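Hi,

Here is the structure I promised to pass along. Have a look at it first, and my notes follow below.

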Amino acid sequence: TLLDMHNLAAAFKSIGRLTNAVALFEETLKLRKVKLGPDHPETLLTMAALAGAYQTVGKMTEALLLSEETLKLRKAALGPSHSDTLTSMGQFASIYNSVGRPSDALLLHEEQLKLNKATLGPDHPVTLANMSSLAPAYRSAGRLTNAVPLLEEVFRLSQAKFGPEHPNTMTSMNTLATYYWYSRQSTSAVPLFEQTIKLRKSKLGPNHADTVASMSALTAVHLSARKFAEAEPLLRETLDVRAKQTPDDWTRYNNESALGAVLASQKKLAEAEPLLVSGYNGMKQREAKIPAGNKGDLQTALQRLVQFYKDWGKPEKAAEWQAKLDELLKPQPAKP
């Protein structure tokens with residue numbers, strides 16, 4: 001049936017078989033338009049799913065056009081305040097952000113929030129999620145000062161509605177701390193991160209991904225302030241978790257390199273050296289698995305080694321690593 005086809009396409013997308021997902025969504029949409037009509041709710045559901053699949057595979061022009069059409073049809077068929085219409089607004093805004101149109105995304109997010117507040121109430125989980133999604137839109141549009149008070153409100157409302165130890169409240173706390181850091185309010189960010197870590201350790205456990213994410217974020221705050229002694233125990237703890245849970249992942253070795261750099265900054269040279277070397281080598285062996293947005297971490301690991309040996313007074317070793325760095329930075333020939 002068409003429902004089975006839609007569900008199978010969604011399953012393909014969930015397990016990363018994106019080519020299969022896109023093809024099956026396209027086929028399902030074609031059939032639903034013929035059998036149900038272009039503005040039937042099930043047709044629009046598949047349109048929205050296909051737009052999301054296009055976005056995932058990087059077909060942004062197709063994603064943008066289809067998302068815009070879905071929103072237009074849902075507004076006409078269901079009304080501007082219907083939950084499906086509001087979902088389409090959020091999807092359309094996300095795609096606008098992906099194609100570098102943050103101002104357009106922001107307008108949709110703000111319209112979505114206004115309607116959610118009127119329809120669901122100011123502290124409904126969907127409204128709060130909408131408010132949270134506005135923060136990165138404000139940041140992308142260069143309006144970071146608008147993001148922080150919005151997230152402060154989300155945190156306040158989450159505490160009142162869910163309680164201080166609810167996962168939603170902890171997420172809002174972590175997000176607010178992150179935006180305090182973005183806006184150079186480290187004195188507000190640090191205690192809030194520390195509170196988040198304490199709660200997440202208590203409620204989720206020290207090895208939970210969210211707990212590790214909060215520790216990593218606080219580590220970044222300390223490193224940006226060159227507070228190496230404060231960063232060291234956090235790096236050791238996150239490295240211990242990654243070495244146990246994902247021992248073969250590139251992030252484990254990136255963590256090693258960062259810990260080595262922190263130790264070197266505290267003149268703990270003998271302890272730092274093997275971590276810096278192992279961290280780089282582990283990342284290099286897994287270079288193909290490093291996401292595009294993190295490729296610069298491999299360069300950073302090499303730069304740490306060059307600087308480490310220069311500071312230690314070992315110019316020959318520094319030169320060896322500099323040669324590797326130069327090779328990494330050499331322009332690659334264009335593929336035919």
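Glu-111 has a relative accessible area of 31%, so it counts as partly exposed (buried means under 20%, exposed over 50%, partly exposed in between, with a 1.4 Å probe and protein chains only). Before going on: this is a predicted model, where local features need pLDDT of at least 70, side-chain atom pairs count only at pLDDT 80 or more, and totals for chains, interfaces and linings use all residues. Residues are numbered from 1 along each chain as its sequence is written, and side-chain values use heavy atoms, leaving out hydrogens and water.

The side chain of Glu-111 meets that of Lys-75 in a salt bridge at 3.5 Å, N to O (a side-chain nitrogen of Lys or Arg within 4 Å of a carboxyl oxygen of Asp or Glu). This pair links distant parts of the chain, with Lys-75 in helix H4 and Glu-111 in helix H6, 36 residues apart. Helices are DSSP runs (H or I, at least four residues), numbered from the N terminus.

Helix H6 covers residues 102–120, and its buried residues include Leu-108 and Leu-115. After H6 comes Gly-121, with a positive phi near 110°.

Arg-236 has a salt bridge to Glu-232 at 3.0 Å, N to O, and another to Glu-271, with the closest N and O atoms 2.6 Å apart. Glu-271 is in helix H14 and Arg-236 in helix H12, so this pair ties together parts that are 35 residues apart in sequence. Glu-232, Arg-236, Lys-268 and Glu-271 are linked in a network of salt bridges.

Best wishes

Notes
Helices (H or I, at least four residues) and strands (E, at least two) are DSSP runs, numbered from the N terminus. The expected span of a helix is 1.5 Å times one less than its number of residues.
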